[in-house]
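Colleague: Hi! I am new to reading protein models. Could you walk me through a few features?

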Amino acid sequence: MIYVAGLRQIVGDDWVITERGQMERYLVDETALAVRPRPADKVVLVKPASSQEISEILKLANTEKTPVFIRGGGTGLCGGAVPTQDGIVLSLERLDKVEEIDKENLMIVVQAGVTLATILEAADGVGLFFPPHPGDEGAQAGGMVACNAGGTRAVKWGVIRNYVKGLEVVLPTGEILNLGGKLLKNNQGLDLMNLMIHSEGILGVITKVIFRLYPKSAASATLIVSYDNRHDAIDSVPKILQSGVVPLAAEYFERNVIETSARYLGLKWPATKGNSFLMIILTGDNAEEVYGQGEKTSAVCERMNAVDILMAERREEQANILKIRSELYSSMKDRYADIMDVTVPPARVGVLLDKIDEIAKKYGTEIPTYGHVGDGNIHPHILDKIKDMGLVKQIKREIYQEAIKLGGVITGEHGVGVIRIPDLDLYPDDTGWRLMRGIKTLFDPNNILNPGVGIP
Ligand SMILES: Cc1cc2nc3c(=O)[nH]c(=O)nc-3n(C[C@H](O)[C@H](O)[C@H](O)COP(=O)(O)OP(=O)(O)OC[C@H]3O[C@@H](n4cnc5c(N)ncnc54)[C@H](O)[C@@H]3O)c2cc1C
């Protein structure tokens, strides 16, 4: 590999790794094993410390036409960070500085390798709040922007896109581009910054991010609402929103799934009645405001036949409930062949779940499903006891088809990555794909950055 010497010159010998044994964890992400792409054989891992070094690396790779796979926290769920061709894995982990917390403008400036955990802690340390919360706090700023991550708090606060105000990006040709700034309004020219958000690393390497912060909510409470009937649970959510309450989170799951996660953590799921649950997190400026929202929400849920409502107010109690929800994925990890990420208009989630049940019955399996019901975004799990991968593919396609019929998409937050490329043919939108391919070529004429990711 002729470019290894060049890489060593740019970042120093210590930061270029060629031994396979020392890079195993950089060859995978959190995608389910059964569908995770296989990493290529000849891979070099490089760990630059600055945008300038990244620029030099990309200039070299572009000249040599060497594929470069960008690696953030490796928490992605669709194989986007897996090096599927011989080439370079570019890890952002050394760009790990919080450069500034600007309390006056309510902004935080971070290098791309700063993790979500660090951002949350840094904001909290000055009494501010970073609203988005995709489930794994090991995700990095750059990775969250590249994936436009969502998470449980999106009902009230929306996805990462809403918080990105500025970006520094290194283009595949090595040019360094600055987009946006500490600005709340910016209508200058075409919006390249928003093009970069959710570009899944195919247009440039994000090296720095300016995120907007908000004052912390002074009070919060978590409701667990239990139902005997799933439709009552799901149909409660639009009614809660129509009542004027906008919860921080509105999550749906069923008893078998949530108890698996509680057991995995050595905790106990507190609700004893019902089989279908909503977890509703309410926030406000003071306890009375949250209490008022709780009363309104409870009234709606009772009208929708809730069989029990628990309200957790103590911080630790709320944290445990959220932890049980957040670890659902990890607790089921060893049991599934794929985790899906379909999204439909929020009021159609119940219909989609019925369709998923019909598909499960047709193939004689279960498809445990939970998710961000307030956003219409749910995660059906295909169990790994279906050994036949052809059948896994067929079941997924049928679920995708049902979601599309309901006006949905095959991925709402995890992205296309590598694993969802084969199903994009369900959208025969030649004009859209042609334009996207044209944009890719404009940014990356030699197709070196994350080839095979994001677009067909
Ligand atoms: C337990 C668990 C829970 C999760 N919950 C959620 C959730 O609730 N909501 C949600 O949206 N996601 C969720 N995810 C998925 C994942 O955390 C997000 O997609 C996250 O944004 C990925 O960030 P990362 O830094 O780990 O990126 P990686 O996994 O390292 O990379 C993901 C993609 O982004 C690209 N990329 C990474 N860094 C950069 C960069 N600096 N510049 C350009 N491209 C880059 C990679 O090449 C790859 O294509 C969850 C994952 C796990 C394991």
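Colleague: Which residues form a nonpolar patch on the surface?

Modeller: This is a predicted model, and in it L190, L192 and L195 make up such a patch, with about 280 Å² of accessible area together. One of them, L195, sits in helix α6, residues 192–196.

Colleague: Is L195 buried, partly exposed or exposed?

Modeller: Buried means under 20% relative accessible area and exposed means over 50%. L195 has 31%, so it counts as partly exposed.

Colleague: And how many helices and strands are there in the chain?

Modeller: The chain has 14 helices and 18 strands. Its radius of gyration is 22 Å, close to the 23 Å from the globule rule for 456 residues, so the chain is as compact as a globular protein of that length. Of the 456 residues, 54% count as buried.

Colleague: How do I read a pair of aromatic rings?

Modeller: Look at the distance of the centres and the angle of the planes. The structure holds nine aromatic pairs. For F130 and Y163, the ring centres are 6.4 Å apart and the planes are at 70°; planes over 60 degrees apart count as edge-to-face, so this pair is edge-to-face. F130 and Y163 are 33 residues apart, and their pair links distant parts of the chain. Both residues are buried.

Colleague: What about the rings of W269 and F277?

Modeller: Their centres lie 5.6 Å apart with the planes at 70°, so that pair is edge-to-face. W269 is buried at 4% relative accessible area, and F277 is buried at 0%.

Colleague: Which residues form one aromatic cluster?

Modeller: F129, F130, W157, Y163, F211 and Y214 do.

Technical notes. Residues numbered from 1 in each chain as written. Predicted model: local features only at pLDDT ≥ 70, side-chain atom pairs only at ≥ 80, totals over all residues. Heavy atoms only, no water. Patch = residues over 30% accessible without salt bridge, like charges linked within 9 Å, V, L, I, M, F, W, Y side chains within 5 Å. Areas by Shrake-Rupley, 256 points an atom, 1.4 Å probe, with all protein chains shown as cover. Salt bridge = Lys/Arg side-chain N within 4 Å of Asp/Glu carboxyl O. Helix = DSSP H or I, 4+ residues; strand = E, 2+ residues; numbered from the N terminus. Buried < 20%, exposed > 50% of the residue type's maximum accessible area, 1.4 Å probe, protein only. Rg over C-alpha atoms; globule rule 2.2 N^0.38 Å. Phe/Tyr/Trp six-rings, centres within 6.5 Å; stacked < 30°, edge-to-face > 60°.
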